[in-house]
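Open the model in your viewer and keep the selection tool at hand. We will go from one chain to the next, stop by stop.

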Amino acid sequence: MDVMPKWAEVILVPLISLLLAALLSALVILAIGEDPIAAVTLMVKGALGSTYGWGYTLYYATNFIFTGLAVAVAFHARLFNIGGEGQAMLGGLGVAIAALYIPWPHWTLALIGCGVMAGLLGAIWAAIPGWLQAKRGSHVVITTIMFNFIAAALLNYVLVNVMRPPGSMDPASARFPEAVHLPTLHELLAPLGIAFSKSAPANISLLVAAAACIVVWLLIWRTRLGYEIRAYGHSQPAAKYAGISPVRITMVTMIISGALAGLMAINNVMGESERLVLNATEGAGFIGIAVALMGRSHPVGVFFAALLFGFLYQGGAELALWTSIPRELIVVIQALVILFTGALDNMVRMPLERLFLMFRRPAPPANSADSEPKPGPRSGQSEGAE
Amino acid sequence: MTDTAPAIELKGISKAFGPVQANKDISIRVMPGTIHGIIGENGAGKSTLMSILYGFYKADAGEIFISGKKTDIPDSQAAIAAGIGMVFQHFKLVENFTVLENIILGAEDGRLLKPSLSKARKSLISLAEDYGLNVDPDALIQDIGVGMQQRVEILKALYRQADILILDEPTGVLTPAEADQLFRILGRLRSEGKTIILITHKLREIMEITDTVSVMRRGKMTATVKTAETSPPELAELMVGRKVLLRVNKKPATPGDVILDVKGLRVVDGKGVERLRGIDLQVCAGEVLGLAGVAGNGQSELLEVLGGYADGTGNVTLNGTPLDLSGKKSDGQSRRARGVAHVPEDRQREGLIMDFQAWENNVFGYHHDDRFNSGLLMDHAAIRADAEDKMARFDVRPPDPTLAAKNFSGGNQQKIVLAREIERNPDLLLIGQPTRGVDIGAIEFIHEQIIALRDQGKAILLVSVELEEILALSDRIAVMFDGQIMGERAADQTDEKELGLLMAGITDTENEHSVAEVEANLARAGGDASKEV
């Protein structure tokens, strides 16, 4: 039932959740004898106070947009893809293969080629659990988690035994050639006369991520495939009745989801480290779940949630660097945000709904056959509308 | 006026949900030891009124008197204390608890279960004797049929010493045989002095069992009459506010070519049970073939296999060309391409995506049609325009294509499905339970649409558990029992009695049969069936 207007649903609920998380974090900081206000100031300054901070915030956000979209797309088919981490690792492998073994004449072609390889390997890594779900009934939640471990082990093997340059002690690939270097925001903005920090890792992948948001929005709400994915997610018996193949939807959705997660590698592997290292994903695959939850599986929501988590990541790193607040506490703060915006969503939503019911247009009960169409002002359209 | 106080008296009850006045100044007196029916269309406010009586809602105005005493009912505990028991449309039982455990749930005395269980067992035995409510106290709820589960609900209320029983649409989930049994139990309860309020929208039930009946329309009580002094047409008019045709006006059919030809159709379900055991039937252009039968005798499987989403074996041709049954080239899409439209039995589970808006549901299954797409993207403007047009012609209320399907009443949901399937101009329409949970005004409209489609020369295969509906709409009637066709009759040369025997698997309808024989047969085939309703 649409009890709340859309603005409350989309903005108010996450905002209140966020404030609660911040409040609790402040109490925790207070409890260890630090000054929460100083901590917040430092976080904001560190993440948003300079183009250097922005560069890192946006770099992290780019990662989270890709993984968040991956989880969001799967959510629409009611598939819980927890394997973003592994799919992004495989994406990194794809980028490394394309960047190292193909001589690219220009970074634009390299971006396309490496992007395709990243998406392809990520898609394959998601397609296997997808196939197991569609054909064998093995739950994707279980199989995608397991595939994260397999991906980590595979990467380990490849980096140590195959890609490691001779003589190197470091389990990492060789440096990518100069031709595949992606323009950073510094290089992109300099011609426009905007001075952006030279050392920040944010790069053109941010624009790719933004484009991916638009493409996903079009896919989910404007194409037949998206319509079928949503229909399947809402009701499998109905999808069957309409002639929508469960096997096809499960496979296609997982492939798209995996490709998006894999695409993350153009940011962290190709754009930042410019070589493939162990643990390049840094948990971004898991943050994607929180981002998708907080963004309510909508590309616009995912975009802003990714920015928030980018801020938390960068601000948290600053906090650990400049104060005696231990690094672990940053994880606690991030966890609180995830807890409140994702898991405890209803804790905020239900009292808020009751509040709206009291002051606005209370709806008749929907508990029995006697529920009737609701007249009166309609409270915005459900997410499916646009 | 009698000298005894009414068991329940409501005076001037009003309840508003925002701008919606669900109950307006309702007064009602129910005498003890009677069955009082409350009838009205979906959304008339029946359930709201009963929820007030049971303490779920607080009335904005008005008073409640129980046995002459003014009583406040702030919550359901107070209602139980006042001797009111409620049997909900959707049972509130714990599936993996036994009957006994369900009965004491919420009424345990003390911390240990043992004493309350044995106390409940004793009182269960005496209740069973007093009212003929036999159940096995140690059976698990998930193992007993729907009719039995309903008895457990009634026993729960009686165990809590209810003198007043409210039943909300009790027959909605029951087979005809189970409904008859329920009515026998209600009659027994009445003769033992219990007061019963029966909420329903089925006229037949009101006429059959109640002593007095109150009619509600749009939140108001429009009339309270003695059942013996009224008639179905009068009640229908009071409910809807205008004259209603209870019988469809139709010309005799003029059947044309055979459209659907089914020979030796067999379906085996996932558990290896043969659900269809060699079905032969034909449907011609311009006729309605009604498929009667107790729910669960294979009708659903037949619709599913013809609709393309279950596999079977046998020979089925449509317009002379074979239909694939193997699941390889058969799915909902290819069936629709062949001109088969399907109004599924369960519109909320299959026919609609409840969270989708009406316009999105308007193309469900037909979303690949060229006219709803432009290039890669769906043409939302075209779909919305088409939805508005269909909603206007099928009188869907409110005519708002951006409302989610779940926010429409049952009748209007069904109209959305019907509009989508009929307007595609199919050669064959498969239609299951067209009016289940649909109010009277909408039933009339839906029946007219089905007959209109027939008169355009389309073939229609109708499945319904309502015999009345089968008789009203069909030109020919085939009766299914245990996965087979027991016989076929011309609709104007048969009656409910003959069809009822066929439904019970008795083919020699000429001879007299005892009720016991019929029931035994039904129990044999229906034991499994009743559970899946």
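Select chain A and look at its contacts: of those between residues at least 6 apart in sequence, 76% join residues at least 24 apart. Two residues are in contact here if their C-beta atoms, placed from the backbone, lie within 7 Å. This is a predicted model, in which local features need pLDDT of at least 70, side-chain atom pairs count only at pLDDT 80 or more, and totals for chains, interfaces and linings use all residues. Residues are numbered from 1 along each chain as its sequence is written, while chains are lettered from A and ligands numbered from 1 in the order in which they are written.

**Chain A, overall**

Colour chain A by secondary structure: 16 helices, 0 strands. Both are DSSP runs numbered from the N terminus (helices H or I, at least four residues; strands E, at least two). The C-alpha trace spans about 75 × 55 × 40 Å along its principal axes. Buried residues account for 49% of the 386 in chain A. Buried means 20 or more other C-beta atoms within 10 Å of the residue's own, exposed means 12 or fewer, and partly exposed lies in between; C-beta atoms are placed from the backbone.

**Helix α1 of chain A**

Now select residues 6-31 of chain A.

Centre on A:Leu12. α1(A) bends there by about 30 degrees, and A:Pro14 follows within four residues. The bend is the angle between axes fitted to the seven residues ending at a position and the seven starting there.

Show side chains for the buried residues of α1(A), among them A:Val13, A:Ser17, A:Ala21, A:Ser25 and A:Ile29. The buried residues pack against α2 (36-48), α13 (284-294), α15 (327-343) and α16 (345-359) of chain A. After the helix comes A:Gly33, with a positive phi near 85 degrees.

**Chain B**

Switch to chain B and colour three domains: domain 1 (8-240), domain 2 (247-339 + 427-533) and domain 3 (347-425). These bounds come from an automatic or database domain assignment. The C-alpha centres of domains 1 and 3 of chain B are 36 Å apart.

Next, select residues 46-53 of chain B, helix α1. Is α1(B) mostly covered or mostly open? Mostly covered: 8 of its 8 residues are buried. They include B:Lys46 and B:Leu53. B:Gly55 follows α1(B), and its phi is positive, near 85 degrees.
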